[in-house]
Amino acid sequence: MGAVESGYLAVNIKQLRSARGLSQQQCAAKAGIPRPTWSHLESGEANPTLSVLLKVAKTLSITVEELVQAPRAECHLYQAGSVPVEQRGGVSIQALLPETIDGLQIERLEFAALGSMTGVPHILGSREYLVCNSGRVELTVAGETWALSTGDVLVFRGDQKHSYRNPQRVKAS
């Protein structure tokens, strides 16, 4: 491991452990490694094996790649308009989580007047939560149509064929 990655490793391990409110002893015990090894990792003095890196990553609930990459800022501001908007049919789709989180996707759908979109079935067992923020939105899933008004939330299996529609001549979201 190069000097830069080793420095990132030390900073990341210490920062992540502190953020979780854990001691070096607690983390070392959970990882199954000696506490001095954990201490050396945080000081940048260690030259860890892949096995140790895997144990540390698992203990901190992150990937090995995240351990050695440049530390993330504590905060990151995404300016308005910096998150891309996709157009599908009469619907604008904007991710509300600009950073990837495995297994989680939150999007804002804005429907043009009378806009519609066919949904893409997701992996088996996935769930979708459709929140109507304004106007009216209809969801057709498994041959049944559900009408949502402002404030309504509909939970359904996302692994089925489904489609969305704005039945009104005004925008909806």
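The model is a predicted one, in which local features need pLDDT of at least 70 and side-chain atom pairs count only at pLDDT 80 or more, whereas totals for chains, interfaces and linings use all residues. Residues are numbered from 1 along each chain as its sequence is written, and side-chain values use heavy atoms, with hydrogens and water left out.

**Strands and their pairing**

Strands are DSSP runs (E, at least two residues) numbered from the N terminus, and two of them count as paired if DSSP finds at least two bridges between them. Strand 6 (residues 136-141) pairs with strand 9 (residues 162-165) in the antiparallel sense, over 4 bridges. An open sheet of 4 strands, with antiparallel pairing, has the order 4-9-6-7. Its edge strands, each pairing on one side only, are strand 4 (116-118) and strand 7 (144-149). From one strand to the next the twist averages 15 degrees, where axes are lines fitted to C-alpha atoms and angles run from 0 to 180 degrees between N-to-C directions.

Elsewhere, strand 1 (residues 85-88) and strand 2 (residues 91-95) are antiparallel partners over 4 bridges, and valine 85 stands opposite glutamine 94 in strand 2. The hairpin of these strands has 2 residues between them, and glycine 89 takes a positive phi near 60 degrees there. Strand 2 is also joined by 5 bridges to strand 3 (residues 107-111), the two running antiparallel, and glutamine 94 stands opposite arginine 108 in strand 3.

**Salt bridges**

A search of the whole structure finds 6 salt bridges, each being a side-chain nitrogen of Lys or Arg within 4 Å of a carboxyl oxygen of Asp or Glu. The table gives some of them.

| Pair | N to O distance |
|---|---|
| Glutamate 110 and arginine 108 | 3.0 Å |
| Glutamate 138 and arginine 165 | 3.8 Å |
| Aspartate 159 and arginine 157 | 3.0 Å |

Salt bridges that share partners join Arg108, Glu110 and Lys171 into one network. The pair of glutamate 138 in strand 6 and arginine 165 in strand 9 links distant parts of the chain, 27 residues apart.

Residues are called buried under 20% relative accessible area, exposed over 50%, and partly exposed in between (1.4 Å probe, protein chains only). Glutamate 138 counts as buried because its relative accessibility is 19%, while arginine 165, at 38%, is partly exposed. Aspartate 159 is likewise buried at 16%, and arginine 157 is partly exposed at 45%.
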